[in-house]
Amino acid sequence: MRALIVDPDAKGGLRLAEAPEPEVRADQALVSVQHLALNFGDLNGARARPAGFVPGWDASGVVLQAAANGQGPAVGARVVTTMGTQGGWAERRAVDLDELAVVPDDIDLGEAATLPVAGVTALRALRRSGALIGRRVLITSAAGGVGRFAVQLAALAGAHVIASVGSTARGAGLAELGADEVLVGLEGVSAPLHVVLDNVGGPQLVAVWALLGEGGLVQCIGGTSQQEASFRSLVGMQRSLNAFTKGPRSGEDISYLMRLMQSGQLRVEVGWRGSWTRIAEASEALFGRQVAGKAVLDVD
Ligand SMILES: NC(=O)c1ccc[n+]([C@@H]2O[C@H](COP(=O)([O-])OP(=O)(O)OC[C@H]3O[C@@H](n4cnc5c(N)ncnc54)[C@H](OP(=O)(O)O)[C@@H]3O)[C@@H](O)[C@H]2O)c1
């Protein structure tokens with residue numbers, strides 16, 4: 001079968017090539033992949049993998065072979081999947097039943113592929129931050145994949161949402177998604193903040209810490225700045241930094257996000273879409289901070 005494999009000599013570090021068929025356990029479904037979605041961490045992590053490795057957390061398609069244990073969706077079901085035993089950027093993938101969700105007919109399969117990592121991360125980071133109604137919530141890297149879902153979900157939960165982006169242009173469309181304030185960096189962000197979903201790290205994270213109010217919490221989700229954060233002291237009033245990780249068993253939460261899409265409460269923003277043969281172009285756009293939301297590739 002064809003797959004996107006790691007090749008350090010290829011532009012962007014990935015190319016389409018032949019790869020071994022996945023091995024399918026009795027508690028897994030085999031899925032024919034039709035669409036895949038890129039994540040910053042997935043692409044970044046692929047750079048450290050050996051040649052020939054098949055990456056890919058998020059992919060959607062159709063069940064080719066139901067799980068041999070009799071559980072899960074039947075052959076032909078439209079599904080979105082994540083974190084299989086093998087990467088999802090391949091024509092076929094074996095996936096655990098609790099890492100997939102059946103996609104309703106009125107949801108585009110390509111859009112569904114964007115939900116597992118970015119959508120579930122935003123959902124779980126907010127959920128683990130306690131009640132948000134009336135709280136001042138800052139979301140950094142708000143124009144990206146996690147960020148656009150987080151802005152919408154925080155607004156839905158009743159928060160006052162402050163969206164922070166890298167440039168004025170990157171703020172486009174965020175107010176329409178529910179941001180009460182759209183700001184560049186931390187310019188104009190006023191204290192106290194109750195919850196911060198931080199995707200940037202580095203010196204900006206240190207500056208965010210100083211804006212937290214009593215009992216405030218920073219969910220450290222990502223470090224796209226790739227810079228170190230150096231704190232002289234963390235003592236003072238009660239505040240927390242949490243090393244966030246999404247964790248497994250995403251199926252149920254993906255289904256919840258799709259119900260929000262069906263009721264018009266959650267929009268999937270696809271800022272780049274094209275054939276998987278254009279992986280180098282898509283990857284360049286993502287790392288170049290050009291993608292508004294998610295990049296989706298079609299397996300053709
Ligand atoms: N802990 C977890 O479980 C978990 C789960 C999912 C994602 N993550 C992490 O969360 C982060 C965001 O992921 P994503 O999928 O949303 O990424 P994404 O869609 O690629 O968005 C990344 C955003 O990061 C900002 N950015 C990029 N380079 C930057 C730099 N040098 N300095 C400051 N900002 C920069 C950009 O903001 P502007 O466009 O505004 O410039 C961009 O919109 C990544 O670090 C990812 O690895 C962690």
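Between domain 1 and domain 2 there are five residue pairs in polar contact, both residues being at pLDDT 80 or more; a polar contact is a pair of N or O atoms within 3.5 Å, where within protein one must be able to donate a hydrogen and the other to accept it, and residues adjacent in sequence count only if both atoms are side-chain atoms. The model is predicted, with local features needing pLDDT of at least 70 and side-chain atom pairs pLDDT 80 or more, while totals for chains, interfaces and linings use all residues. Residues are numbered from 1 along each chain as its sequence is written, and side-chain values use heavy atoms, leaving out hydrogens and water.

Domain 1 covers 2-117 + 248-298 and domain 2 covers 129-243, with bounds from an automatic or database domain assignment. One salt bridge is counted between the two domains, the term meaning a side-chain nitrogen of Lys or Arg within 4 Å of a carboxyl oxygen of Asp or Glu. Glu269 also forms a salt bridge with Arg148, their closest N and O atoms being 2.7 Å apart.

In the whole structure, 14 salt bridges are found. One of them joins the side chains of Arg124 and Asp253 at 2.8 Å, N to O, and both of these residues are buried (under 20% relative accessible area, with exposed over 50% and partly exposed in between, using a 1.4 Å probe and protein chains only). Asp253 also meets Arg127 in a salt bridge of 3.1 Å, N to O. Because Asp253 lies in helix α7 and Arg127 in helix α3, this pair ties together parts 126 residues apart in sequence; helices here are DSSP runs (H or I, at least four residues), numbered from the N terminus. Arg127 is partly exposed, with a relative accessible area of 46%, whereas Asp253 is buried at 9%.

Definitions and conventions:
Helices (H or I, at least four residues) and strands (E, at least two) are DSSP runs, numbered from the N terminus.
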